[in-house]
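Here's a quick briefing on pockets and helix packing. Have a look at the model first, then we'll go through it.

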Amino acid sequence: MRNAMKVGSLVATMDNAAAIGEKPQDIVSASDQLTAYMTARVSFLEQLAAQALPIQILLANFSGDAAWSRYEKGIQQVFEEAGLTCPAIAGSTESNMPTLQSGLAITMLGESQQRCAFDHEQLSWYTYGLPLVGEEVLAQPEDVAQLQPIFQAWRAEMVQQVWPVGSKGLQGEFARLFRGQRVESSVDCTKSAGPCTVILLGIDPDKEQQAQKLFLRSFEKLHITTL
């Protein structure tokens, strides 16, 4: 698992966002729905990385009562794109103290899925999307890894392993996944990927041609060699 945790029989994943939203003092101005969507998307992708699917969602809302329904819509959008029913959403809102900037955290509890066993070293690895942060995410939505084809390929086991890329960038994930190997990519490997705008995909070598027809933009095969 990447950043997931086992809680009994369940898999827990989470992500958060701060100073991004609709408050006047937010650093990045974006709709609350979009902020929740991008945050929930990360937690959902972490579930896929752990070979699990969410069954319960917990929302911590630091932006006031009015933001709750907008955050809910953003979370629901993730499941609509995946073609899934959104699990129940519970949680809490900070309503005693007004905050000057927006903030939220989304935790998902999921169930492990029965999937074919695979050898990580035998997969063909690709990057999908470009590393983007802050205003870049709003300005270049077409370069953000799209959830629908990722989930479609994961469910069909065309993609055997989903591996989100976070603030440490591709290089940080390469170090975790490909220890003792050299990885070459034309994508900026040192840049933060913000809300996982670029994803590493481990693809069944027999299904690479299918994948190339599904992932139409910013989809590049990695060249991996042993040092």
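What volume does the largest pocket have? It comes to about 720 Å³, where a volume is the space filled by probe spheres set on grid points joined across faces, edges and corners. A pocket here is an open set of points on a 1 Å grid over the protein atoms alone, where a 1.4 Å probe fits, with protein on both sides within 12 Å along at least five of seven lines; lining residues have an atom within 4 Å of a point. Keep in mind that this is a predicted model, with local features needing pLDDT of at least 70, side-chain atom pairs counting only at pLDDT 80 or more, and totals for linings using all residues. Numbering runs from 1 along each chain, and side-chain values use heavy atoms, without hydrogens or water.

**Largest pocket**
- Of its 36 lining residues, Asp15, Val42, Gly194, Pro195 and Cys196 are the closest to the centre.
- The top contributor to the lining is α1, with eight residues (helices are DSSP runs of H or I, at least four residues, numbered from the N terminus).

**Second largest pocket**
- This one has a volume of about 170 Å³.
- Its lining includes His120, Glu121, Trp125 and Phe178.

**Helix packing**
- The axes of α1 and α4 (residues 147-155) come within 12 Å and cross at roughly 15°, with axes being lines fitted to C-alpha atoms over the stretch in contact and angles running from 0 to 180 degrees between N-to-C directions.
- That makes the pair roughly parallel (angles under 35 degrees).
- Tyr37, Phe44, Leu45 and Leu48 in α1 meet Leu147, Ile150, Phe151 and Trp154 in α4, contact being heavy atoms within 4.5 Å.

Notes
Helix = DSSP H or I, 4+ residues; strand = E, 2+ residues; numbered from the N terminus. Parallel < 35°, antiparallel > 145°, perpendicular 65-115°, else oblique.
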